[in-house]
Amino acid sequence: MDARRAAELAARNSYGRLVAYLAAQTRDLAAAEDALGDAFLKALSTWPEQGTPTNPEAWLLVTARRRWIDTARRSQTQEQVFNALTVRDAVVASVSDSVSDSDGATFPDDRLKLLFICAHPAIDGALHTPLMLQTVLGLNAAQIASAFLVAPTTMGQRLVRAKAKIRDAGIAFELPMAEDLPERLDAVLAAIYAAYTQGWETVDGADPRDRGFAEEALWLARLCVQLMPQAAEARGLLALMLYCEARRDARRNAQGGYVPLDQQDTRRWSQAMIAAAEHELAQAASLSQLGRFQLEAAIQSIHAQRLRGAAIDWDALVLLYEGLIQLSPTLGALVSQAAAIAETKGPEQGLALLNTLPAEAIANYQPYWALKAHLLQRLNQAAAKEAYQRAIGLSEDAAIRDFLLARSQD
Amino acid sequence: MRYAILVYETEHDFANREQHMPAYRAYSQALAEAGIMVGGAELHPSHTGTTLRLQNGQRQVQDGPYADTKEQLGGFFLIDVADLDAALDWAARCPAASNCAVEVRPLAPANPA
């Protein structure tokens with residue numbers, strides 16, 4: 001294996017573990033990342049000449065640690081942190097030694113602490129996901145900025161400020177107390193789900209070619225399940241994303257046109273992923289802690305029944321949405337519930353529910369206008385035209401825009 | 001904060017403007033309904049432009065655009081939103097974002113002190 005490939009693999013497999021461990025030791029996330037970044041650069045220049053070390057992870061850890069000590073020595077402002085390190089120096093050294101003798105799995109996995117820090121309530125909610133993508137997965141600010149529709153320099157500055165806040169506010173690298181755990185876990189899972197949806201108003205409308213951070217989000221969810229096997233909601237989230245991912249290719253037809261969920265060709269769904277989702281959801285249910293992600297996964301599971309030739313059970317969907325809205329009354333859930341009610345009780349009832357939503361909240365919410373247009377059209381009302389216009393104007397995806405344009409002319 | 005959403009179009013887009021009209025009408029209506037539309041205009045294709053410059057006191061007038069590139073400025077929307085994040089959210093909905101490109105630029109204050 002060549003040095004670059006070895007460094008890449010080490011990066012993917014252990015970047016987050018190394019950052020988490022170094023950050024937990026130094027209490028300075030940005031400094032830990034910088035030191036590790038330098039260690040990776042050094043690996044790229046020395047491994048080709050001297051050969052790949054037997055334990056690349058340990059090599060990176062030791063090199064990053066040395067690098068961090070050098071920087072801390074040079075920096076007067078980091079004197080306090082340096083003192084903290086020298087106390088731990090012996091510990092780190094002994095850990096590093098034990099790492100180098102083994103398969104690299106002996107230093108503690110602090111990634112769970114890191115996930116909780118990224119989604120800490122003291123950090124702006126909009127930065128939870130970007131922080132996770134950067135610190136746990138090593139993505140750069142420009143990659144993250146594009147997905148979240150933010151200028152790259154702005155995203156870079158926000159991440160730097162968030163890390164400074166974590167350091168300066170002394171946010172502890174500890175797991176939350178038991179009483180805070182459900183709420184803190186929800187923030188972690190919501191941030192992972194945001195990496196999956198990355199600004200799409202509905203995953204089912206998302207452009208399937210744009211894989212975005214779908215794989216990263218699934219990876220993070222699997223990590224949460226692995227680190228917290230008893231957390232039902234972590235499994236619920238993993239199930240939810242697997243259901244959505246299973247249908248990725250079916251969201252567009254051969255001509256690139258948008259295909260609504262209830263019209264997707266089930267032969268283009270991934271049966272393996274749906275089976276994996278069902279498995280996670282069943283595991284979650286056995287833990288008896290209901291939560292929003294399990295409900296959202298259960299909703300997807302109803303749609304997945306079409307794979308077995310079953311019709312969509314809209315009554316079950318109405319009930320599940322009702323439960324979801326009680327736990328988490330998001331605009332998306334309310335609009336989806338209206339769609340389910342329109343199927344069971346008729347378009348008038350769906351519209352009646354839509355009309356109760358506050359005007360300010362729905363003004364620029366594309367799914368609201370798309371559903372409203374659809375229901376008005378079913379009732380042959382002229383106002384459908386105007387609702388279609390709004391939905392078209394608010395659409396970001398060209399395939400959905402074309403789909404709505406075609407429907408508005410029916 | 002005021003921003004210009006500069007709409008870039010390919011030659012193909014220019015040639016098929018009629019086809020894109022309904023999408024642009026819906027987009028500008030959405031901007032208006034959101035209460036953020038300040039202005040905007042559609043430009044004729046770049047070959048209809050005339051470029052003028054004074055070089056060493058000599059007038060130079062040439063047919064065509066200043067920069068002859070494949071993608072051309074096809075029009076612009078002026079919007080008034082809280083910040084660049086909000087401007088980018090709206091720019092993403094502009095049909096040109098999926099066909100070619102849009103550029104978001106802040107407007108300088110109308111009356112500099």
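Residues are numbered from 1 along each chain as its sequence is written, while chains are lettered from A and ligands numbered from 1 in the order in which they are written. Because the model is predicted, local features need pLDDT of at least 70 and side-chain atom pairs count only at pLDDT 80 or more, while totals for chains, interfaces and linings use all residues; side-chain values use heavy atoms, with hydrogens and water left out.

Confidence comes up before anything else. On the pLDDT scale (the predictor's confidence in each residue, from 0 to 100), chain A averages 88, and 90% of its residues score at least 70.

As for secondary structure, helices (H or I, at least four residues) and strands (E, at least two) are DSSP runs, numbered from the N terminus. On that basis chain A has 20 helices and zero strands. The C-alpha atoms of chain B fill a box of roughly 45 × 45 × 20 Å along the principal axes.

Burial was scored by relative accessible area (buried under 20%, exposed over 50%, partly exposed in between; 1.4 Å probe, protein chains only). Of the 410 residues in chain A, 53% come out as buried; for the 113 residues of chain B, the buried share is 35%. If one takes contacts between residues at least 6 apart in sequence, 64% of those in chain A join residues at least 24 apart. In chain B, the corresponding share is 75%.

Now to where the chains meet. Chain A puts 18 residues into the contact and chain B puts in 19 residues. Together they bury about 1,500 Å², with 53% of it on carbon and sulfur atoms; buried area here is the accessible area (1.4 Å probe) that two parts lose on being put together, summed over both. Seven residue pairs (both at pLDDT 80 or more) are in polar contact between chain A and chain B. A polar contact is a pair of N or O atoms within 3.5 Å; within protein, one must be able to donate a hydrogen and the other to accept it, and residues adjacent in sequence count only if both atoms are side-chain atoms. On the chain A side, α8 (152-168), α19 (384-393) and α20 (398-408) each supply at least two residues, and α19(A) gives the most, with five residues. By type, this side splits into seven nonpolar, five polar and six charged residues. Nonpolar takes in Ala, Val, Leu, Ile, Met, Phe, Trp, Tyr, Cys and Pro, charged means Asp, Glu, Lys and Arg, and the others, Gly among them, are polar.

Side chains of opposite charge can pair when their charged atoms come close. A salt bridge here is a side-chain nitrogen of Lys or Arg within 4 Å of a carboxyl oxygen of Asp or Glu. The structure holds 22 salt bridges over all chains, and the count between chain A and chain B is two. One pairs B:E33 with A:R390 at 3.2 Å, N to O. A:R158 also forms a salt bridge with B:D85, with the closest N and O atoms 2.8 Å apart. That pair runs from helix α8 of chain A to helix α3 (residues 84-93) of chain B. A:R158 counts as partly exposed, because its relative accessibility is 23%.

Within chain A, A:D38 and A:R67 form a salt bridge, their closest N and O atoms being 2.6 Å apart. The pair links distant parts of the chain, helix α2 (residues 29-50) and helix α3 (residues 56-74), with the two residues 29 apart. Both ends are partly exposed, A:D38 at 27% and A:R67 at 33%.

A:R209 forms a salt bridge with A:D207, again with a closest N and O distance of 2.6 Å. A:R209 is exposed at 71%, whereas A:D207 is buried at 13%. Elsewhere, salt bridges that share partners join A:D28, A:R167 and A:D168 into one network.

A:D207 turns up again around A:R248, an arginine in the loop between α11 (232-246) and α12 (271-285) of chain A. A:R248 counts as buried because its relative accessible area is 4%. Leaving aside neighbours within four places in sequence, A:R248 is in contact with A:Y196, A:D207, A:P208, A:D210, A:R211 and A:A214.

Conventions: Contact means heavy atoms within 4.5 Å.
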